[in-house]
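This report goes through selected features of one model. The sequence and structure come first, and the notes follow.

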Amino acid sequence: METLNSSPTRPAPLHPGLPMLGNTLSFLRDPLAILNTLQKRYDRIVHLRIGGRHQYLVLQPDDARHVIQENHRNYVRSPAFNVLKIFLGNGLLTSDGDFWRRQRRLAQPAFHRQRLAALAQTMVDETADWIDDLRQLNHSQPLNASQALMDVTMRIVCKTLFGSDVIGKLDGLSMALDTLQFQANQRMLSPIRFPMRWPTPAHQRFRRAGELVDSFIYGVINQRRNDHTDQRDDLLAMLQGTEDEDTGERMSDQQLRDECVTIFAAGHETTAVSMAWTLHLLTEHPAVLARLQAEAKTVLGDKRTPPPDAFRALPYAMQVVQESLRLYPPAWIMSRLAIADDPIGPHTIPAGSTALVSPYLLHRDPASWPDPERFDPERFAPNTSGTLPSRHSYAYLPFGGGPRLCIGNQFALMEMQILLAMLVRTFSIFPVPNQRINPHPLITLRPKNPICVYLK
Ligand code: HEM
């Protein structure tokens, strides 16, 4: 157990645990059940001991806002992110301080609303191909929706990043990226980590996949740099073309590589997992599915690839997506390392400890969400005056908040709306009887077993 370099004046209550191990085992066994208990038992902040570290979970939306937004300068990425660096390098997700600020400034324009409109066409085209493939399947067999959605979100993120340069190489590249992500996740969750230079089979697979990814990305960057006639509107072109307003500098090749891999990692599994939860919820709520289908059919008509603009007029699809992200936020917990003591209300988060903010917990707080376990897209319906029901802005944070708000939030919402509306326009979705679906919070909040559905 580390020693804290200052003692809080008013300690937050310590949740009882085992000698030495603290709360590690119960957190590993069933973190969501623990979150539930903590929410009921404590008021503002609770002190946990997990993995040999002192961790302080904040329970109120106001305090979440304090940590992630108001006093964000007191916090940096927690040590958990170091493992991800072997895969992501120094990209937006893993970097901090001035370096992160500069990268964020350079990357932000690529995610501007107008830029996303150009990417929407790619999303619609890829989704239409995916639906064609789904039509060919034998529908008397259940579809592994979790896997099918991983495949399509992978294609979408690769195509939006690299445009036509990825054609013919998509399968190899996406498999290599997937291998990198899988191995990094395994390493993050494993209690024993051998040095990466040891030639274990897993490390060799990781190295080979890394070489393939790097040679592809660096090859595309070089080719585009030498070809000035080349006009692209994919994410890589945006990242490569943006100059720092103050210094006129652009991203180095290494930074471009790190940001591309980061966008891939942050953007593909989160969206796939969230879409799989959405389909599961729809199989349990046929009336919501029917209303969603009616909206999609009316607005999109039957053109194979509806114009991207049409997707703006799908308010109910957006409500369904938002409510699904409330119940199953893929980023179910966020952690930060405190630089200095941070007094919050009656307690203090001590320097050197970890602050935890859990969207899962805040999204199920009965003080903000009456009957929180119920799936009800009406929670996000505008009221009669056209405004959204008033609630604390940090009672709902599937995409985080403050300066480190998910840069891809609009990208993800647009992608989910397109996938959902085009899918339900074509198919009805039915549950597979006796399927047990339980959440399994690893790095993202996945279902324990793949979600399977019948399509008709
Ligand atoms: C449903 C889908 C998604 C969810 C729930 C999600 C959630 C989040 C959350 C909660 C954070 C903040 C983490 C923290 O503060 O510790 C984050 C950061 C990030 N996300 Fe997303 N994300 C999603 C999709 C995407 C997509 C599609 C992209 C890119 C195309 C993306 C790129 C990023 C990046 C680069 C960061 C780091 C931003 C920074 O620190 O400056 N995400 N995401």
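How many cavities of 30 Å³ or more does a search of the whole structure find? The search finds 1.

## Basis

This is a predicted model, in which local features need pLDDT of at least 70 and side-chain atom pairs count only at pLDDT 80 or more, while totals for chains, interfaces and linings use all residues. Residues are numbered from 1 along each chain as its sequence is written, and side-chain values use heavy atoms, with hydrogens and water left out.

## Cavity

A cavity here is a set of points, on a 1 Å grid over the protein atoms alone, where a 1.4 Å probe fits but cannot get out; lining residues have an atom within 4 Å of a point. Grid points are joined across faces, edges and corners, and a volume is the space filled by probe spheres set on the points.

The largest cavity has a volume of about 30 Å³. Its lining consists of Leu-32, Leu-35, Asn-36, Gln-39, Tyr-360, Leu-361 and Arg-364. Helices are DSSP runs of H or I with at least four residues, strands are runs of E with at least two, and both are numbered from the N terminus. α2 (31–41) and α14 each supply at least two lining residues, and α2 gives the most, with 4. By class, the lining of the largest cavity has 4 nonpolar, 2 polar and 1 charged residues; Ala, Val, Leu, Ile, Met, Phe, Trp, Tyr, Cys and Pro count as nonpolar, Asp, Glu, Lys and Arg as charged, and the others, Gly among them, as polar.

## Second largest pocket

A pocket is an open set of points with protein on both sides within 12 Å along at least five of seven lines. The second largest pocket has a volume of about 670 Å³. It is lined by 30 residues, of which Gln-147, Met-150, Asp-178, Glu-269 and Arg-446 are the closest to its centre.

At least two lining residues come from each of α7 (145–162), α8 (170–189), α11 (253–284) and β11 (445–447). The largest contribution to this lining is that of α8, with 10 residues. The lining of the second largest pocket has 13 nonpolar, 10 polar and 7 charged residues.

## Iron site

Cys-406 (SG), at 2.3 Å, is the only protein donor of the iron atom of the ligand. Donors are N, O and S atoms within 2.8 Å of the metal (3.2 Å for Na, K and Ca); water is not among the atoms, so sites may look incomplete. Cys-406 is placed in the loop between α14 (359–363) and α15 (409–426).

## Aromatic contacts

The structure holds 6 aromatic pairs (ring centres of Phe, Tyr and Trp, the last by its six-membered ring, within 6.5 Å; planes under 30 degrees apart are stacked, over 60 edge-to-face, the rest tilted). Phe-194 and Trp-198 count as stacked because their ring centres are 5.3 Å apart and their planes at 20 degrees. Phe-194 is partly exposed, at 42% relative accessible area, and Trp-198 is partly exposed at 41%. Buried means under 20%, exposed over 50% and partly exposed in between (1.4 Å probe, protein chains only).

Trp-369 and Tyr-396 pair edge-to-face, 6.0 Å centre to centre with 65 degrees between the planes. Both lie in the loop between α14 and α15, so the pair ties together parts that are 27 residues apart in sequence.

## Charges over rings

Arg-391 lies over the face of Phe-380, 5.2 Å from the ring centre. The charged end of Lys-456 sits over the ring of Phe-430, at 4.8 Å from its centre. The criterion is NZ of Lys or CZ of Arg within 6 Å of the ring centre and within 35 degrees of the ring normal.
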